[in-house]
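Reader: Please show me the model, and I will ask on what grounds its descriptions rest.

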Amino acid sequence: LPSLIEGGYLLISVLSGTAVDGVYTCQLFHVTLTLLAAAAVGKLVATRTCASIGIGAAALLLALPWVTITGSMAYNEMGVLAFGAAALLIVFNESGTTRRGAAAAGLLVGAATLAKLTAGVMVAVPVGLMLLLRLNRPPGNEARVKSINSVQLASIAALAGVLMLSPYLVRNFVATGNPVFPFAAEKLGAGHWDDAL
């Protein structure tokens, strides 16, 4: 499985000397991702409504039991939320109608997927559909939106996402002969993993 956030914890442990010495720093790293996710969600809501509703949305996110529990431990969930919310912030901003914005959103959904594999379905697919179906139209700027093909924007985001995922895909290919392992194991191979494993 991809291990972007866990790789951060490993780096913190190495820099701290041992995992025991770095345990609180690992927790604080994830708390920071939680706060960044709340800030991105708050900003996203504020751009569509007003600042006070955006602050309320950020506070509500932080008050959710799942966020409170997972956000306070060394876990990977808030990496998905932070990268996903940042991608949505770009997509729903005017920059989401540009090639550069689509590439940035693609890199962020790729990072979300590297944080946790399920983000491919929960974050990458919805962001791609928003770009493809033009659900990210900025208010009052329809002329600009029509100038760039939505298929082109979604393709740029998908390519950037795959580029971000490429270290994980290469590692899987080297280890198992299947770049998307554990998926398609029957067709592309499972390396040394047998049915029991």
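Author: Threonine 34 lies in helix α2, residues 19–48, where a helix is a DSSP run of H or I with at least four residues, numbered from the N terminus. This is a predicted model, in which local features need pLDDT of at least 70, side-chain atom pairs count only at pLDDT 80 or more, and totals for chains, interfaces and linings use all residues. Residues are numbered from 1 along each chain as its sequence is written, and side-chain values use heavy atoms, with hydrogens and water left out.

Reader: Why is threonine 34 called buried?

Author: Its relative accessibility is 7%. Buried means under 20% relative accessible area, exposed over 50%, and partly exposed in between (1.4 Å probe, protein chains only); therefore threonine 34 counts as buried.

Reader: Which residues is threonine 34 in contact with, leaving aside neighbours within four places in sequence?

Author: Leu62, Val67, Gly71 and Met78, contact meaning heavy atoms within 4.5 Å.

Reader: What lies 2.9 Å from a polar atom of the side chain of threonine 34?

Author: The backbone oxygen of histidine 30.

Reader: Why does leucine 132 count as partly exposed?

Author: Leucine 132 lies in helix α7. Its relative accessibility is 34%, and partly exposed covers values between the buried and exposed limits, so leucine 132 counts as partly exposed.

Reader: How much of the chain is buried?

Author: Buried residues make up 38% of the 197 residues.

Reader: How many helices and strands are in the chain?

Author: There are ten helices and zero strands, a strand being a DSSP run of E with at least two residues.

Terms used: Polar contact = N/O pair within 3.5 Å; in protein donor to acceptor, adjacent residues only side chain to side chain.
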